[in-house]
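Hello,

Here is the structure I promised to pass on to you. Have a look at it first, and then read my notes below.

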Amino acid sequence: MKRILITGGAGFIGSHTCVSLLENDYEVYLVDSFVNSSPIVINRILSICDLNNSNLGKNLKVFKGDLKDKVFIEDIFSNADKSGNPINGVIHFAGLKAVNESVLNPLRYWQENIFSSLNLVSVMKKYNCNLLVFSSSATVYGKESSSPIKENSYLNPSNPYGNTKLTIEKILNDLYDENSNIWKIACLRYFNPIGAHTSSLIGENPVGMPNNLFPLICNAALDNNTKLKIFGSDWDTIDGTCIRDYIHVSDVAEGHLKTLEYLNNHKTNILKMNIGTGLGTSVLELIETFSRVNKVTVDYKFTSRRDGDSKEIVADNSFSSSLLNWIPKRSLEDMCIDGWNWKKNNVNGF
Ligand code: NAD
Ligand code: WQD
């Protein structure tokens, strides 16, 4: 059985990926400081395993700690080695991800995201663990990139969060170049993951006020007194609102499984890969779909454009679909239904 360490495994995408890995007979070492998640997620992951009448929860082991603490990471790798069953690979989700917060406090983002990643890869190198999937982001592309965006588009993030993501990609390039005979690395550039597990047991549960569109749509649907602010009605798009590539979080999780399988079965490489559907949806289209499939009202008003926004950010996903022989299978309707069921059943989060 392959043993995979997942950093940030209690977070939104990490928790869904843990479920996918457990369901596919991986042993999962989940590492999280819970800085942006709750330990209750662990019970929920185990409940999903129980729902399937499976005994798979026994393959989950949890380590609470911070990746900035190198000794903490080293202990995990060293003990795994001593057990005779070393860690085969790492999926590195852990990091801070709020764009606006990164503008207000850039040093915190550099410190958290870069130190954590440096600690992790230096311990991996020491323990000869050479397979890494890193959570990058579509935010690494420049605003001047025209959609659909290919992986070789110009890279020019417009905020400190995006700068940390691109810097980690560069660190991984250098690590690969140092010894290209050993490393198998994939930097997955996610577009806009939304939705939740169909069980409604896990979903997006940010600490503090959400900033992303989908949780804000859910909040407006829950509370008749809350109006969603739509940032701009005068964009040069079909209905004047911005277009994004929304992808179901369970598809994102399955993309990680496919990437792990690919890296395992192929020679050393460093891949940069878009994870998106290739389909563009406007803000108004997302609200309309959400309201229609869930039979709820989402009140909104138009406000001025948000600083730094782009008209359209949609993936060209031809590289991931051909390389991994995989395409996301869930529809925008599925994303809206699953995301709303999660929110309805967990009004106050965990
Ligand atoms: P999340 O905040 O829900 O999950 C991140 C997890 O990492 C949290 O559980 C948090 O407690 C943990 N963590 C953070 N710093 C840590 C540290 N130093 N040590 C240990 N644990 C730590 O975020 P998410 O939405 O699941 O995103 C996962 C990754 O994907 C992030 O790296 C994010 O930048 C990237 N990403 C997310 C999106 C998105 O829209 N959700 C899009 C593109 C990229
Ligand atoms: C989506 C659309 C807004 C809020 C961000 C990060 C990106 C990645 C995903 C991590 C935009 C509009 C939003 C609101 C609105 N995360 N909107 N009213 O900006 O595409 O991407 O999350 O890597 O790096 O930048 O996502 O959900 O903030 O916005 O009208 O209150 O919704 O203008 O068009 P974005 P988002």
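The notes below go through the cores, a pocket with a helix beside it, and one serine.

Please keep in mind that this is a predicted model, where local features need pLDDT of at least 70, side-chain atom pairs count only at pLDDT 80 or more, and totals for chains, interfaces and linings use all residues. Residues are numbered from 1 along each chain as its sequence is written, chains are lettered from A and ligands numbered from 1 in the order in which they are written, and side-chain values use heavy atoms, with hydrogens and water left out.

Let's start with the largest nonpolar core, which has 41 residues. A nonpolar core is a set of buried Ala, Val, Leu, Ile, Met, Phe, Trp, Tyr and Cys residues joined through side-chain atoms within 4.5 Å, and buried means under 20% relative accessible area (1.4 Å probe, protein chains only). The members that touch the most others are I6, L21, V28, L30, I45, I91 and L260. Among the elements that each supply at least two residues of this core are β1 (3-7), α1 (12-23), β2 (27-32) and α2 (40-51); helices (H or I, at least four residues) and strands (E, at least two) are DSSP runs, numbered from the N terminus. Beyond its neighbours within four places in sequence, I45 is in contact (heavy atoms within 4.5 Å) with G9, S15, C18, V19, L22, L30 and L60. Another core, of 29 residues, lies apart from the largest one and includes L5, I87, Y127 and I270. In soluble globular proteins, nonpolar side chains tend to be buried together.

Next, look at α7 (213-222). Seven of its 10 residues are buried: L213, F214, P215, I217, C218, A220 and A221. These buried residues pack against β7 (192-194), β8 (228-231), β10 (246-248), α9 (283-294) and α11. Helix α7 also gives four residues to the lining of the second largest pocket, the most of any element, and α11 (332-345) supplies at least two.

Finally, find S153 in the loop between β5 and α6 (160-178). Is S153 buried or exposed? With a relative accessible area of 17%, S153 is buried. A polar atom of the S153 side chain lies 2.8 Å from the backbone oxygen of K150. Not counting residues up to four places away in sequence, S153 touches Y141 and S145.

Enjoy exploring!

Note on methods:
Buried means under 20% relative accessible area, exposed over 50%, partly exposed in between (1.4 Å probe, protein chains only). A polar contact is a pair of N or O atoms within 3.5 Å; within protein, one must be able to donate a hydrogen and the other to accept it, and residues adjacent in sequence count only if both atoms are side-chain atoms.
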